[in-house]
Amino acid sequence: MFLSLIFLVLMGLAFCILEGMHIYTEVSLSEEVFMEAGDYVLSQYNRPLFERYHLFFLDPEEEEQIVSDGESYMKSYLDTNSSFSFECDNLSVTEEKTAMDEDGLYLKHQIREWMKYREIEKAGEGIKKLFHSMTDVEQKKDTVQKEINAADAAQEGESKAEPLQEETSEEAGLEKENSEGTVSADVTVKEGFQWKQLKETLEQIIKSGILLYVTDDLNQLSALSISGDQLPSQKKGIKKESIINFPVSVTDFGSWKDVLKVPDIGNPDDHFLSDEFFLSEYIFDHFDCYIRKKDDRSIWPRCLQYEVEYLAGGRLSDQENLKLVADKMLLLRFVMNYSFASSDTEINNTAGAMADVLSGVFGLPAAREAVRVLLISAISYGESLLEVHTLFAGGEIAAVKDAGTWNLYFHNAAELLKNREKVKTGKNNVDYKDYLRLLLAMQIKPEKVYYRMMDVMQVNLRLEQPDFLMENCIFRFRWQADMKCAMGSHFYTVLMDRVNSY
């Protein structure tokens, strides 16, 4: 009798354990099905987006079908003969994160995940030197601006005379009295002729357009443009880059001051060369730019041909962005070249001697400093034009300027500019793409680049999917469900919650 009771107790305990194991297994199975259903939904990623840009985002057309697809997947388990019985009740999506959320964080994550499986070259010495030289570009710009403002004030303090108006050779050849004596005719003619040639050459370039000078032929440029409707960057409030107005006359201080009024050139982010250099490599792998050869261009249809330039400029047409990039490169080179030229003994002495002559010709010795600053501005501007033309032609320029890589002097400036001569290179050199990397790294708000990347992706994919929007591309979603599990003839409910993410 006692043994029978013990047997019954053991049998009851065994049944309890078996029932507990059944319940545990049933709950575990329902959790696994719940998890697999989420993975099944994530497998409906947008194929063109992945094939073209190697990004996993849930197809926008799938957004409204997340719940129905999840329920149909879990229902397939209920239709099989099994000793386990459960069903999904009240499945709902409680949270979604799209490509546009968190300042482009999910786009950045996807790019990092893709690029970590690819061999990425480290930043070269040339671009490192370039980035290092630009760390104080704002300060240098302010210094140049102060010098020009001071020279302008000195000129305004003079009488109403205009010291750098075009003079004829006869006027230049006359001997003029100045505060120290006389200026000989041959010296005056020589210096006046050199300045007149340089001035006329620069103003002809300005009149015809900087973009024409650096690209050689406007007819060969892309005329593509896009509409600003529904662009991710505009919805996020990302502003277009400021237009730079280069001088209409190299002898006009007001024009030079307008050039330097551009707010916030920005300083390059050091992390761009280390932690985020993968982004630069991804961009040039997946987006076209001006300098890319026709044979290297993607076979995919595109709304813009100069896509990397769009990332730097944010304008709606290829030519607007290309001009903005050229202007920015020109401004950066001008600031750096002026800083070098104003401190270089040879250039400074030559400019000072010419200023003595040209101001003395008109009997305005007090305007000497204003003339000297204008001369250095003009020669620095010409040097910068020649360098930017070299970049646009696919060549290289010295990352940091020194006496060995300086090209223009007053006696040869006009000729070199007219002939568009190649510039000297140094030990560490950079090309057009390196400068594009610099412009991207100098964005005041790094998220600008990510949202403009989404702009390009969206307009290109809309060529195949007219209703495609990046704001509907889901990276992560959270859903909840009440899973009803059977226990004999009764059901018990288990609340399940899961985040599904790429």
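1. In this predicted model, G254 is found in helix 11, which covers residues 253-259. The C-alpha atom of G254 is separated by 9.0 Å from that of N149, although the two residues are 105 apart along the chain.

2. Helix 4 (residues 105-115) packs against helix 12 (residues 277-286) at an angle of about 85°, and their axes are 10 Å apart. Helix 4 is therefore roughly perpendicular to helix 12, since angles of 65 to 115 degrees fall in that class. On the helix 4 side the contact involves K108, I111, R112, W114 and M115, which meet F278, L279, E281, Y282, D285 and H286 of helix 12. Sorted by class, this contact has six nonpolar, four charged and one polar residue.

3. Helix 14 (residues 318-341) comprises 24 residues and spans 34 Å from its first C-alpha to its last, close to the 34 Å expected at 1.5 Å a residue. Helix 14 is mostly covered, with 20 of its 24 residues buried.

4. The largest nonpolar core has 117 residues, of which M329, Y381, Y435, M453 and M457 touch the most other members. Helix 16 (residues 368-392) gives the most to this core, namely 14 residues. A separate core of 16 residues lies apart from it and includes A37, I66, M74 and I474.

5. Which residues does Y435 touch, not counting those up to four places away in sequence? Y435 touches L130, M134, M329, L332, R333, L391, I397 and V430.

Notes:
Residues numbered from 1 in each chain as written. Predicted model: local features only at pLDDT ≥ 70, side-chain atom pairs only at ≥ 80, totals over all residues. Heavy atoms only, no water. Helix = DSSP H or I, 4+ residues; strand = E, 2+ residues; numbered from the N terminus. Expected span 1.5 Å × (residues − 1). Buried < 20%, exposed > 50% of the residue type's maximum accessible area, 1.4 Å probe, protein only. Core = buried A, V, L, I, M, F, W, Y, C linked by side-chain atoms within 4.5 Å. Contact = heavy atoms within 4.5 Å. Axes fitted to C-alpha atoms, helices over the stretch in contact; angles between N-to-C directions. Parallel < 35°, antiparallel > 145°, perpendicular 65-115°, else oblique. Nonpolar A, V, L, I, M, F, W, Y, C, P; charged D, E, K, R; others polar.
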